[in-house]
Amino acid sequence: MGKSVWPFGLTGLGLALLAWGTTWGLGFAPREAYMGDVQRIMYVHVPTAWNAMLVLTFAFLCALVSLLRGGWVWDARLEAAIEAGVVLSGLVCIQGSIWARPTWGVWWDWDPRLTTTAVLLFGFGGILALRQFVDDPVKRAVWSAVAVVIAYVDVPLVYFSVRWWNSLHQVQSSPETVSRAFHWPLRINAFGVLFLVAGLLELRARLAFMRRETELAPPPPSETAVAAATR
Amino acid sequence: MNPFLAALRKDLLLQWRTRSQLVAVFVFGASALLLFSFAIGPNAAALRQFAGGFLWLALLLASTLALADSFESEMAQRALEGLLLLPADPRALYYGKAVANLLQLTLLGAGLVPVMVVLYDASTARLPGLLGIVVLGAAGLSAPGTLYAAMTAQVRARNTLLPLLLFPLVVPALLGAVKATSLLILGDPMGQLAAWTWLLVAFDVIYWSLCGLVFERVIED
């Protein structure tokens with residue numbers, strides 16, 4: 001994998017955009033009429049949720065490429081994407097709970113999107129655990145890719161089954177459904193999280209790739225072998 | 001002999017010869033059913049209302065034991081490597097084991113139904129439908145369960161890892177089975193049974209085909 005510095009730049013750009021969008025959202029965007037200041041968590045919650053789905057979709061694509069074509073680069077990207085997806089879905093659950101308590105009066109609700117995110121968190125968390133427990137790098141790569149494909153196919157099934165089961169969450173917010181005054185902080189933060197995650201993901205993938213290289217490298221020659229060769 | 005039938009015969013024979021294990025798993029499921037009632041208290045109406053959920057939770061917990069066992073014997077003395085050397089499609093191996101697990105879980109579920117009826121006073125008016133749901137739900141557990149058991153049997157911490165991978169995955173199957181069972185026990189005034197049964201069928205079709213496709217990659221060296 002490359003050694004270029006663009007991921008650092010991308011991470012920095014993401015952080016800067018996040019700082020800008022969040023300052024705008026917290027300080028300058030108008031108060032929402034019904035929910036008040038609590039609504040301002042939307043400026044990080046919605047971008048996190050969008051990017052969580054995006055990262056998990058990327059993990060699915062990495063798993064497909066890794067299974068069909070192989071290659072350690074894709075395994076490294078898969079590892080990074082699963083980790084980032086778990087972190088982001090965990091954040092979505094936490095932010096959602098913080099928002100739900102004052103708005104709905106409960107920390108948790110069995111709404112389709114919330115429950116699906118929790119199922120994803122546990123499903124992909126389990127795959128991370130699987131990667132920890134498999135010592136053979138080849139098996140680890142194939143098994144985690146298979147598990148990601150199987151878990152990703154499950155997402156629509158989980159979503160629709162829970163939706164039939166119960167529903168309360170408000171309809172998805174998108175730039176079309178929210179007032180113009182809220183657009184810009186939401187959009188800036190969405191790209192902020194996207195760039196931040198993309199930069200960190202590439203850096204994490206490089207780290208995973210280097211670890212794989214040391215894992216797969218032949219053991220260093222013993223002292224007697226070196227002595228015999230140089231004699 | 002057809003490789004699938006040969007694999008199925010081998011797995012059924014294995015299960016028959018270790019049938020004391022199945023009895024132990026059944027006792028585990030039945031004691032789980034007994035313990036669940038302590039969570040509710042001696043409230044007959046509430047217990048009947050949750051009977052379907054308890055049945056499936058007991059079967060799910062018991063299934064992790066049964067599924068983990070199914071690959072244990074293949075790991076002993078590296079039997080799996082011997083099987084892979086045979087000139088047979090690994091898919092036959094997978095479907096043989098998955099069908100054997102399905103039969104075992106169905107037997108387990110059918111055995112737990114009377115325990116549920118006795119403990120929770122559940123209605124038995126629609127018993128054939130209930131058994132049909134047990135078969136569909138057991139199929140939903142055994143297809144991904146057999147695949148994951150093949151992975152986790154080869155690693156450390158296998159007993160933790162199998163439920164960790166299986167539980168989040170089977171959420172749709174579990175929901176479908178619980179709702180369908182509850183509707184069969186409590187009555188179905190809104191006619192929702194068909195929708196939940198179709199969800200179960202869809203889950204089964206997707207995972208019985210997908211897991212068969214990828215099994216070869218999981219066990220190859």
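Select A:Glu83 first: this residue counts as buried because it has 21 C-beta neighbours inside 10 Å. A residue is called buried if 20 or more other C-beta atoms lie within 10 Å of its own, exposed if 12 or fewer, and partly exposed in between, with C-beta atoms placed from the backbone. The structure is a predicted model, in which local features need pLDDT of at least 70 and side-chain atom pairs count only at pLDDT 80 or more, while totals for chains, interfaces and linings use all residues. Residues are numbered from 1 along each chain as its sequence is written, and chains are lettered from A and ligands numbered from 1 in the order in which they are written.

**Around A:Glu83**

A:Glu83 belongs to helix H3 of chain A. Helices (H or I, at least four residues) and strands (E, at least two) are DSSP runs, numbered from the N terminus. Leaving aside residues up to four places away in sequence, A:Glu83 touches A:Leu128 and A:Arg204. Two residues are in contact if their C-beta atoms, placed from the backbone, lie within 7 Å. Now select A:Ile127: this residue is 44 residues from A:Glu83 in sequence, yet the two C-alpha atoms are 9.6 Å apart in space.

**The whole of chain A**

Along the principal axes, the C-alpha atoms of chain A fill a box of roughly 85 × 40 × 25 Å. Of the 231 residues in chain A, 40% are buried. Among contacts between residues of chain A at least 6 apart in sequence, 80% join residues at least 24 apart.

Select residues 42-68 of chain A, which form helix H2. This helix has 27 residues and reaches 39 Å from its first C-alpha to its last, close to the 39 Å expected at 1.5 Å a residue. The expected span is 1.5 Å times one less than the number of residues in the helix. H2(A) is followed by A:Gly70, with a positive phi near 75 degrees.

Next, select residues 72-104 of chain A, helix H3. Its 33 residues reach 46 Å between the end C-alpha atoms, close to the 48 Å expected. Just after H3(A), A:Gly105 takes a positive phi of about 85 degrees.

Continue to helix H4 of chain A, residues 112-133. The 22 residues of H4(A) should span 32 Å at 1.5 Å a residue, and the end C-alpha atoms are 31 Å apart, which agrees. The buried residues of H4(A) include A:Thr115, A:Leu120, A:Phe124 and A:Ile127. What covers the buried residues of H4(A) includes H2, H3 and H5 of chain A, together with helix H7 (158-169) and H8 of chain B.

**Where chain A touches chain B**

Show both chains. Their contact takes 23 residues from chain A and 22 residues from chain B. On the side of chain A, the elements that give two or more residues are helix H4 (112-133) and helix H5 (137-165). H5(A) supplies the largest share, 14 residues. By class, this side of chain A has 19 nonpolar, 3 polar and 1 charged residues. Here Ala, Val, Leu, Ile, Met, Phe, Trp, Tyr, Cys and Pro count as nonpolar, Asp, Glu, Lys and Arg as charged, and the others, Gly among them, as polar.

**Helix pairs in chain B**

Two packed helices are described by the angle between their axes and the distance between the axes. Select H6 (residues 127-152) and H8 (residues 171-186) of chain B: their axes come within 10 Å and cross at roughly 170 degrees. H6(B) is therefore roughly antiparallel to H8(B). Axes are lines fitted to C-alpha atoms, for helices over the stretch in contact, and angles run from 0 to 180 degrees between N-to-C directions. Angles under 35 degrees count as roughly parallel, over 145 as roughly antiparallel, 65 to 115 as roughly perpendicular and the rest as oblique. Among the residues making the contact are B:Gly129, B:Gly137 and B:Leu141 of H6(B), and B:Ala173, B:Ala180 and B:Leu184 of H8(B).

**A last stop at B:Asp121**

Finally, select B:Asp121, in the loop between helix H5 (90-120) and H6 of chain B. Most residues other than glycine have a negative phi. B:Asp121 is not a glycine, but has a positive phi of about 55 degrees. With 13 C-beta neighbours inside 10 Å, B:Asp121 counts as partly exposed.
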